[in-house]
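Student: Could we go through this structure together, one question at a time?
Tutor: Gladly. Let's have a look.

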Amino acid sequence: MRVIPVLRRGFAPPRLFALAAGLLVALGQAPLSAWPLALIGLVMAVLSWSKALTAGEAAWRGWMVGFGTFLVSLTWLVNPFLVDPARDAWMIPFALFFMCGGLALFWALAFYGAKRLRLGLPGLVALWGLAELARGHVFTGFPWAMPGYIWLDQAPAQLASLIGPYALTVLTFAWAALVARAVLNRSFFTAGATLILMISAYGYGWARLSQPLPQDRPQSIRVVQPNAPQREKWDPELVWTFYERALRLSAPEGADLVIWPETSVSVPLWAADPYLTEIAQNVSPARAIVGLNRVEGYQGYNSAVLVGHDGQPQEIYDKHHLVPFGEYMPMPALLERIGLRAFTAQEGYGYSAGPGPRLIDTGGTGLALPLICYEAIFPRDLRTDERPDWLLQMTNDAWFGTFSGPQQALAQARFRAIETGLPMVRAANTGISAVIDARGDIRVAIPLGTSGAVTSALPGALPKTLYMRYGETALLGLLTLLMVSGLSVSRLGTKTGHRTGAT
């Protein structure tokens with residue numbers, strides 16, 4: 001008989017308010033990019049935490065905010081299960097609930113800790129930011145849909161070159177907390193501080209955007225988008241159709257380097273000699289970088305290969321940051337028994353990880369840092385001892401559907417350009433392929449769901465950014481400052497409680 005009241009409390013209006021806040025936060029992500037609504041949602045989330053009377057209730061509200069945010073932001077997660085719906089569609093509700101619910105636990109812990117330790121709004125912002133940092137690292141990490149990404153195409157996005165996306169997310173939380181405090185206390189002083197923070201963020205962004213970009217490199221690149229739908233990509237009757245299409249699109253037209261997407265050559269490297277030779281002849285006098293699988297012993301790799309003029313591999317990069325449940329299966333023997341196999345590995349049993357980030361020398365077009373698909377969502381994967389001249393993402397976003405997934409993947413690639421001050425070249429199987437300059441602006445792009453190719457000068461690089469020099473130093477300093485402020489609030493609250501007799 002006690003179950004019904006518990007269920008009713010679970011869907012009580014305050015928790016529904018928190019869920020609505022999360023849904024609004026998600027609207028700030030691409031493709032909608034409704035950042036004002038996202039900011040309103042964040043303010044609502046802070047107000048919801050402020051009104052929670054217990055740490056347990058605060059955790060519930062934090063979870064509801066997170067669940068709403070990730071449920072909408074990650075709707076594209078259903079698409080891999082629809083490639084073979086007869087086999088995989090039954091897993092959609094489980095995958096979506098456990099993924100979004102699991103990510104929401106990070107926010108629930110932040111809301112719980114701030115309330116339990118009585119850290120006030122500074123502590124909430126600090127723990128919320130720490131939760132986002134943890135989300136990007138725990139179990140290999142999944143920092144998709146960071147709230148700081150709502151600023152893409154707005155001047156504050158340029159702060160990522162100074163402090164990085166995690167610290168930008170913390171500043172976004174801080175802005176929401178200041179607005180919430182101004183509302184709760186009806187404080188003109190706090191409202192003024194909120195305005196100053198926002199003006200400062202825009203001021204830095206406008207100042208950076210007003211500076212001239214470096215000159216383009218004298219070399220140019222050609223990006224090929226064959227547009228092979230995932231259901232058809234490995235069909236034996238169609239696979240060569242897509243190969244021939246990519247080959248036709250690869251006439252260099254003055255380009256020095258032609259780039260194909262991830263796994264765009266369907267045969268493994270050991271059997272690819274005739275195809276690589278044909279590609280080399282077709283793109284001559286340019287060279288090509290293609291994506292294919294590589295087998296070494298009993299291990300398979302998702303690789304990018306620089307093809308020389310003679311059709312031989314000159315540089316090989318093996319993807320090192322693999323997708324859990326997509327490219328490899330944790331506990332494979334157990335999960336295989338219930339029919340779960342890795343999605344993106346052709347045989348379903350997964351890839352092996354390469355040794356780590358490394359640069360490839362593309363000759364006249366300089367040193368490139370390859371990022372295969374998923375790797376471009378991790379800011380930490382772009383740190384190398386030697387600075388590259390440009391970033392290269394080769395991806396197959398056909399897994400992500402035709403709405404939010406490819407748009408959000410492109411948005412994160414643009415942030416990587418801002419953070420590093422380096423141009424990004426993005427070759428995507430079904431789109432969106434693009435050439436992105438060192439401030440994250442798109443020079444040229446091939447629309448989603450179309451086949452085509454584009455030749456563009458390779459944009460120049462800006463000086464090494466402070467974020468790439470010092471990493472998360474600014475974030476850690478900001479979190480420390482907020483935690484000290486939160487502990488001061490806690491100590492003050494405890495003393496006040498003792499004087500007044502409050503618990």
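**Cysteines, a helix pair and a hairpin**

Tutor: To begin, there are zero disulfides in this structure, which is a predicted model.

Student: Is Cys 373 buried or exposed?
Tutor: The cut-off for buried is under 20% relative accessible area. Cys 373 has 12% relative accessibility, so Cys 373 counts as buried.

Student: And Cys 100, buried or exposed?
Tutor: The same cut-off applies, under 20%. The relative accessible area of Cys 100 is 0%, so Cys 100 is buried.

Student: What is the handedness of the crossing of H4 and H7?
Tutor: Helix H4 covers residues 55–73 and helix H7 residues 92–116, and their axes come within 6 Å, crossing at roughly 145°. The contact of H4 with H7 involves 18 nonpolar, five polar and three charged residues. As for handedness, the crossing of the two helices is right-handed.

Student: Which residue in S11 is the bridge partner of Ser 433?
Tutor: Strand S10 (residues 433–436) and strand S11 (residues 442–446) run antiparallel, joined by four bridges. Within S11, the partner of Ser 433 is Ile 446.

Student: Which residue in the hairpin of S10 and S11 takes a positive phi?
Tutor: The hairpin has five residues between its strands. The residue with a positive phi, near 90°, is Gly 440.

Technical notes
Residues are numbered from 1 along each chain as its sequence is written. This is a predicted model: local features need pLDDT of at least 70, side-chain atom pairs count only at pLDDT 80 or more; totals for chains, interfaces and linings use all residues. Side-chain values use heavy atoms; hydrogens and water are left out. Axes are lines fitted to C-alpha atoms, for helices over the stretch in contact, and angles run from 0 to 180 degrees between N-to-C directions. A crossing is left-handed if the near helix is turned anticlockwise from the far one by less than a right angle, and right-handed if clockwise. Ala, Val, Leu, Ile, Met, Phe, Trp, Tyr, Cys and Pro count as nonpolar, Asp, Glu, Lys and Arg as charged, and the others, Gly among them, as polar. Two strands pair if DSSP finds at least two bridges between them. A disulfide is a pair of cysteine sulfur atoms within 2.5 Å. Buried means under 20% relative accessible area, exposed over 50%, partly exposed in between (1.4 Å probe, protein chains only).
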